[in-house]
Amino acid sequence: MAGLSIRNLAKRYGAVSVIEGLDLDIHDGEFLVLVGPSGCGKSTLLRMIAGLEEISDGTLSIDGQIVNDVPAARRDLSMVFQSYALYPHMTVRKNLAFGLQNLKMPRAEVQRRVDDAARALQIEPLLDRKPRQLSGGQKQRVAIGRAIVREPKLFLFDEPLSNLDAELRVQMRVELAALYNRLKATMIYVTHDQVEAMTLASRIVVLRGGKIEQVGTPHELYTRPANLFVAGFIGSPKINMLPVNLDLAAGRIHSADFGAFRTIALPDKGSTATICVRPEAVKLGAGDVSAQGKVRLVEYLGSESLVYVDLPSGETLLFHGAGLDSHKPGEDVTVGLNFADMHVFDCDGQRVDAALEQAA
Amino acid sequence: MRRFFRRNAAGYLFLTPWLVGFFLLALGPILASLYLGFTRYDMVSDPRWVGLDNYRYMFERDRRFWKALEVTFTYVALAVPLRLAMALAVAMLLDKGLRSIGMYRAIFYLPSILGASIAIAILWRAMFGIDGVVNQFLALFGIQGIGWITTPSTSIYTMVVLAMWQFGSPMLIFLAGLRSIPRDLYEAAEIDGTSRPRQFFRITLPLLAPVVFFNLVLQIIEAFKTFSSAFIISNGTGAPADSLLFYTVYLFNEAFRFFRMGYASALAWVLLVIIAVITAIAFATSKYWVHYENERD
């Protein structure tokens, strides 16, 4: 197991800066997920940790040792690639053994580790097949097997489930969680899928444009997003965002649809702000503030439904909950929001907390 | 039947130039040469049927035939592996991601275009002559060079060097093959602590095997057919002391210098059989060392 410490890390390709001044501590034995839209630098960061990309600036330490110039092979880590990167001309058994043979490990030990990994991943019947004879899910298992036979102190995953179909992705997600619980090794996992991030992570790092937007547990990110980007990125269906005007002198917020009101938190600058409310927190009927709207669309998902309501200003509000499917498009409804469910963001998109909470 | 032709008319239309050329220009001479191989024919009087006499003479009494085989096999055995090694080495250098790869590709391919030309063969004679550039270079180090082409024991190697220098077309094919090996296999190997030589022998070569095989077969056939450079460098005779008596040079001389067209035809068919057998051997062994990515099970 290993803890990582990243200080002022930068990656530049010529004049193009991908990552700049990044600081991050990764605790021993945690499952850390790097999440963000494409091009946010999450894969680059992972590849720098792996030793596949040079570090332009700053330091990367594993267990207190600066490893900037330590080659990938001597960082004692394994990596699972999005493409699986299985050697196509080798059988599954040879794929699993290849890395161990590099280490000049005794044959019996190689055999034992390969057998153990195959048993744990239930790929024993596949050991003598070549990768092209495997399904996507089986390839993924072999790729994970190749990572665990080396018994490294650090596992890196680069979008390992992206090439799988939806059903298999859910299944492998569960298996990865089980693997983590069994090994309790430090794992760093890159994905653009926020559901994977939420379900697997001990902590999530949200990246955008090579910068960290927020680091926290899935619960922290969901309940207290640090800025508009994180609020919009984490959570499915997506959070509702209402642009509002600020009356700083009166300490009130003006919404075109919900009128003027005071919230628990109020920005101290600018003339505009954004109020965010999770779809499951929107009320049908009166709330602390209410507005009239018209149902545009109802999406029935079985146990629950999504209801899109057009507000007079042209904004759309999304509800998410059970028993909403009796609503019909064109229907007039009253919608309500409660202050406690509101996330308030100032004109720069930064979260504003209640004075009381900030003091605490 | 009519529907078949109507549906495939465009294809056959495109094939027409080749089909016309093959049937009018190639097939006739090919069949004629098979027949002429069993005759004595001096291109003036009518061919006279002699049965297997040409073949019997070739294998039992013609020492120059065996010499030509020796020269040609020596050349093939040296030139093909060396050219392929050269081609692969340069392809791997270019694959490292040089900035002006397009330019280098063109420069490295240039000798292959020039190589078959008469001008280069003449240049080669001048370079390896007793007063040639090679000896002038050696003289800088106080080494007294010999006439590399005029000395029977070294002349074949000047041909091999020329062959190595013309590595362009197998190099381009190797380069395309290397490009098709996924980068992340090497990254996975890197993380697994695989040394560079082991990466080459355990990943690059096995994955490149289909391309190596393709190049090998092509180059073997090419090497057996080597003619114009050998013809020029040996003054058209296979000199010195028959050390450059390539099979094709011998065949050409029999046909167009001594007008033994019947015998030359027999020689041509023997060369065809030799190339066919060696290619067949290559294919037969390939199943032990060539792995195809998309092989059906």
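Which residue of chain B forms a salt bridge with R47(A)? In this predicted model, the partner of R47(A) is E187(B), and their closest N and O atoms are 2.6 Å apart. This pair belongs to the interface of chain A and chain B, across which the rule finds 2 salt bridges.

**Between the chains**

At this interface, 25 residues of chain A are in contact with 20 residues of chain B. The two chains bury about 2000 Å² between them, and carbon and sulfur atoms give 57% of that area. On the side of chain A, the residues that lose the most area to chain B are Y87(A), H89(A) and R132(A), which together account for 28% of what that side buries.

Polar contacts are also found here: 9 residue pairs, both members at pLDDT 80 or more, meet in this way across the interface of chain A and chain B. The elements of chain A that give two or more residues to the side touching chain B are α1 (42–50), β6 (77–80) and α2 (92–102). Of these, α2(A) gives the most, with 4 residues. Sorted by class, the side of chain A that touches chain B has 13 nonpolar, 7 polar and 5 charged residues.

**Between the domains of chain A**

Chain A is divided into domain 1 (4–229) and domain 2 (238–359). Their C-alpha centres lie 38 Å apart. Where the domains meet, 8 residues of domain 1 of chain A are in contact with 12 residues of domain 2 of chain A. About 860 Å² is buried between these domains, 48% of it on carbon and sulfur atoms. In domain 1 of chain A, Y222(A), R224(A) and L228(A) lose the most area to domain 2, together 64% of what that side buries.

R224(A) also takes part in a salt bridge with D353(A), at 3.0 Å from N to O. The count between the two domains is 1 salt bridge, and 6 residue pairs are in polar contact across their interface, both residues at pLDDT 80 or more. Helix α7 (residues 218–223) of chain A supplies 3 residues, the largest share of the side of domain 1 that touches domain 2. By class, that side has 5 nonpolar, 2 polar and 1 charged residues.

Notes
Residues are numbered from 1 along each chain as its sequence is written. Chains are lettered from A and ligands numbered from 1 in the order in which they are written. This is a predicted model: local features need pLDDT of at least 70, side-chain atom pairs count only at pLDDT 80 or more; totals for chains, interfaces and linings use all residues. Side-chain values use heavy atoms; hydrogens and water are left out. Contact means heavy atoms within 4.5 Å. Buried area is the accessible area (1.4 Å probe) that two parts lose on being put together, summed over both. A salt bridge is a side-chain nitrogen of Lys or Arg within 4 Å of a carboxyl oxygen of Asp or Glu. A polar contact is a pair of N or O atoms within 3.5 Å; within protein, one must be able to donate a hydrogen and the other to accept it, and residues adjacent in sequence count only if both atoms are side-chain atoms. Ala, Val, Leu, Ile, Met, Phe, Trp, Tyr, Cys and Pro count as nonpolar, Asp, Glu, Lys and Arg as charged, and the others, Gly among them, as polar. Domain bounds come from an automatic or database domain assignment.
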